[in-house]
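Here is a short briefing for a reader new to this structure. Please keep the sequence and the model in view while reading.

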Amino acid sequence: MAKDLTKYRNFGIFAHVDAGKTTTTERILKLTGKIHKIGEVHEGAATTDFMEQEQERGITIQSAATSCFWKDCQLNIIDTPGHVDFTIEVYRSLKVLDGGVGVFCGSGGVEPQSETNWRYANDSKVSRIIYVNKLDRTGADFYRVVKQVEDILAAKPLVMVLPIGIENDFVGVVDLLTRKAWVWDDSGDPTKYELKDVPENMTDDVEKYREMLVETAVEQDDDVMEKYLEGEEPDIDTLKRCIRKGTKDLAFFPTYCGSSFKNKGVQLVLDAVVDYLPNPTEIKPQPEIDLEGHETGKFAYVDPEKPLRALAFKIMDDKYGALTFTRIYSGTLSKGDTVLNTFTGKTERVGRLVEMHADSREEIESAQAGDIVAIVGMKNVQTGHTLCDPKEPATLEPMVFPDPVISIAVAAKDKGSVEKLGMALSKMVQEDPSFRVETDAESNETIIKGMGELHLDIKVDILKRTYGVDVEVGKPQVAYRESITKRLEDSYTHKKQSGGSGQFAKIDYVIEPSEAGDGFQFESKVTGGNVPREFWPAVQKGFESSFEKGMLAGYPCVDMKFTLTDGAYHPVDSSAIAFEIAAKAAYRQSFSKASPQLLEPIMKVDVFTPDDHVGDVIGDINRRRGMIKSQDSTATGSRIKADVPLSEMFGYIGDLRTMTSGRGQFSMEFSHYAPCPANVSEVVIKEAKERQEAKSK
């Protein structure tokens with residue numbers, strides 16, 4: 001039986017750390033009747049967010065997708081983490097969302113991380129509504145946050161409600177569409193509210209904001225606008241239709257406010273999800289790609305009759321085994337089906353299908369386009385893999401994950417934990433594609449790599465808490481790269497002729513720097529058969545395998561082009577192996593002649609600081625060899641954006657907190673590679689040589 005997909009809303013709640021995402025999600029689940037313990041949560045005023053998150057961790061941070069019902073619509077809420085080192089998580093959640101709720105703190109406003117998430121959501125073209133939370137907090141100001149959304153995010157908030165009272169006096173909101181005041185009592189029960197007339201001292205504001213609301217909404221429909229200009233006021237259904245269209249087209253973002261902690265204002269946000277966020281059929285279908293990675297021009301339409309196309313967007317381990325959270329884009333998926341994983345090329349059988357409901361799970365027989373479900377017991381599926389119909393294979397646009405920029409060595413503290421550590425790490429790699437693990441062949445150390453210091457800190461913490469493995473952690477290592485700066489023409493002859501069959505290969509070649517991002521490139525311009533065609537791949541292989549290790553400090557190389565121009569061969573003594581050896585030796589011979597240089601990862605750093613510490617923060621960034629890109633003042637302080645080498649950013653969070661008396665915040669993400677200054681190169685190369693010597697001993 002086909003489901004009515006117009007009654008589905010797949011949406012995520014995303015926010016800066018501490019804006020109250022967890023509490024908001026939990027309140028939504030309470031209101032929609034998933035958790036029945038309303039009124040029993042004795043939260044003392046001193047329970048900070050963190051504790052709350054710890055206590056609720058069971059339901060919200062862990063379950064990647066939770067279903068609940070509101071006004072005969074099924075809401076699938078996809079959880080997204082707030083922290084920047086996990087933007088990869090936000091990014092992949094956004095891929096499978098149809099809409100979002102951006103939560104901002106009423107006193108903190110638009111913080112660096114909410115800006116990053118907002119930018120990602122813009123890239124993914126996700127429709128959103130805005131919810132300004134924590135209006136009961138000291139220093140909360142709804143109108144200031146609305147202004148920040150306009151100034152900092154360059155977005156257009158469409159104010160739908162106005163707060164009644166603020167800080168301790170916050171009691172409810174006025175719904176501008178209906179001109180009704182929702183006033184809650186102090187019991188903390190979200191269902192105990194009254195609909196009243198607008199308070200007298202607010203009527204002017206309400207009329208002013210309602211007029212702005214109507215004028216913005218009618219722009220979405222020429223007929224309605226014409227009538228409005230002639231003096232005919234549109235009815236509420238017409239306004240809702242216009243707002244829905246504008247929200248879907250990202251023309252504006254309906255903006256609400258409340259206090260999730262005090263249970264005030266959440267119903268209106270749920271109504272807005274149903275009224276204004278798009279359903280799965282209204283979203284642009286996903287482009288399909290063939291197995292070679294080229295677009296086929298076909299799309300995965302949301303239709304249960306079409307071939308199966310589904311995307312695994314999160315892997316999670318729980319007590320029942322591995323859960324693979326999957327968004328079905330087209331077709332139907334049933335228990336016992338065999339599906340093809342286009343990444344591995346292998347088929348797998350779907351053992352069990354479950355739908356997650358806040359604190360329970362429901363086994364289901366089948367699911368179809370538009371659904372988000374968890375598959376139990378998939379063996380080789382990882383985040384970003386496409387599952388499809390084996391008879392009609394296709395890949396959905398693959399998710400691109402950035403390369404890690406920082407690594408540390410970890411070792412189990414005692415012999416007994418070595419195997420446990422290996423198993424824990426392999427599970428963690430499956431859950432997070434931006435986290436990598438490798439073993440250093442020479443020293444036999446286990447190296448973990450990630451997107452930043454915090455990312456790896458948290459991984460070490462998970463090892464301890466979740467898997468019970470205590471590890472010793474080495475000093476963080478930066479992922480440097482090597483390249484050359486000069487074009488060089490050179491020649492190399494490899495010959496070994498002493499009894500038996502000899503070896504002979506001569507190559508003339510050019511080695512030169514290429515465009516940033518090109519990686520390794522090889523071309524052969526040999527004409528006239530001086531180097532027979534069958535030996536070209538061997539030359540390429542020789543250069544490519546050498547390219548993995550530069551000659552300065554042994555870091556991988558980037559952006560070089562090798563061109564085979566000429567050479568010579570011997571009809572008996574030449575072989576593919578001889579040409580491969582020649583290419584490797586040629587690389588060693590020429591690398592140092594082509595003015596090699598060391599490149600370091602540069603991070604985009606975004607710092608928020610109170611105004612009285614701006615000078616210290618900027619001075620400190622300069623000392624870290626940072627380049628200040630921009631400085632903007634916000635309502636609560638200053639935002640400084642800079643490019644800073646990763647090697648200078650270790651321990652920054654502690655230094656920033658010391659400088660700003662604990663009020664500074666920052667986020668950083670990888671930007672690009674840039675040449676190291678000579679004094680830094682010398683130190684890095686020296687350390688690398690010392691490490692090599694220590695290993696060889």
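**A buried valine and its surroundings**

Val 126 is buried, because its relative accessible area is 2%, below the 20% cut-off. The model is a predicted one. The points below begin with this residue, then turn to strands, cavities and a pocket.

**Val 126**

- Val 126 sits in a loop. That loop joins α4 (112-123) to β5 (127-133).
- Leaving aside residues up to four places away in sequence, Val 126 touches Leu 94, Asp 98, Gly 99, Gly 100, Ala 121 and Leu 250.
- Val 126 and Asp 249 are 123 residues apart along the chain. Their C-alpha atoms are separated by 9.2 Å.

**A four-stranded sheet**

- An open sheet is built from four strands. Their order is β7-β8-β9-β10, and the pairing is antiparallel.
- The edges are held by β7 (161-164) and β10 (193-196). Each has a single partner strand, so one side of each is left without a neighbour in the sheet.
- From one strand to the next, the twist averages 25 degrees.
- Strands β8 (residues 172-175) and β9 (residues 180-184) pair over four bridges, in the antiparallel sense.
- Which residue of β9 stands opposite Gly 172? The residue is Val 183.
- Helix α9 (residues 266-276) lies across β7, β8, β9 and β10. The helix runs at about 130 degrees to β9.

**A strand covered on both faces**

- Strand β12 (residues 286-289) is covered on both faces. Gln 286 and Glu 288 are buried on one side. Pro 287 and Ile 289 are buried on the other.
- Strand β12 runs antiparallel to strand β24 (residues 395-396), and two bridges join them.
- Glu 288 has Leu 396 as its bridge partner in β24.

**Cavities**

- How many cavities of 30 Å³ or more does the model hold? The count comes to three.
- The second largest cavity holds about 40 Å³ of space.
- Its lining is made of Ala 65, Thr 66, Ser 67, Asn 76, Phe 325, Glu 355, Met 356, Ile 372 and Val 373.
- The elements giving two or more residues to this lining are β2 (65-70), β19 (352-357) and β22 (372-376). Of these, β2 gives the most, with three residues.
- By type, the lining of the second largest cavity has five nonpolar residues, three polar and one charged.

**The second largest pocket**

- About 1000 Å³ of space lies in the second largest pocket.
- The lining of this pocket has 34 residues. Nearest the pocket's centre lie Glu 438, Asp 440, Ile 447, Lys 449 and Tyr 555.
- Two or more lining residues come from each of β25 (406-412), β26 (436-439), β27 (446-450), β29 (477-478) and α16 (678-696).
- Which element gives the largest share of the pocket lining? Helix α16 does, with five residues.
- The lining of the second largest pocket divides into 15 nonpolar, six polar and 13 charged residues.

Conventions. Residues are numbered from 1 along each chain as its sequence is written. This is a predicted model: local features need pLDDT of at least 70, side-chain atom pairs count only at pLDDT 80 or more; totals for chains, interfaces and linings use all residues. Side-chain values use heavy atoms; hydrogens and water are left out. On a 1 Å grid over the protein atoms alone, a cavity is a set of points where a 1.4 Å probe fits but cannot get out, and a pocket is an open set with protein on both sides within 12 Å along at least five of seven lines; lining residues have an atom within 4 Å of a point. Grid points are joined across faces, edges and corners, and a volume is the space filled by probe spheres set on the points. Ala, Val, Leu, Ile, Met, Phe, Trp, Tyr, Cys and Pro count as nonpolar, Asp, Glu, Lys and Arg as charged, and the others, Gly among them, as polar. Two strands pair if DSSP finds at least two bridges between them. Axes are lines fitted to C-alpha atoms, for helices over the stretch in contact, and angles run from 0 to 180 degrees between N-to-C directions. Contact means heavy atoms within 4.5 Å. Buried means under 20% relative accessible area, exposed over 50%, partly exposed in between (1.4 Å probe, protein chains only).
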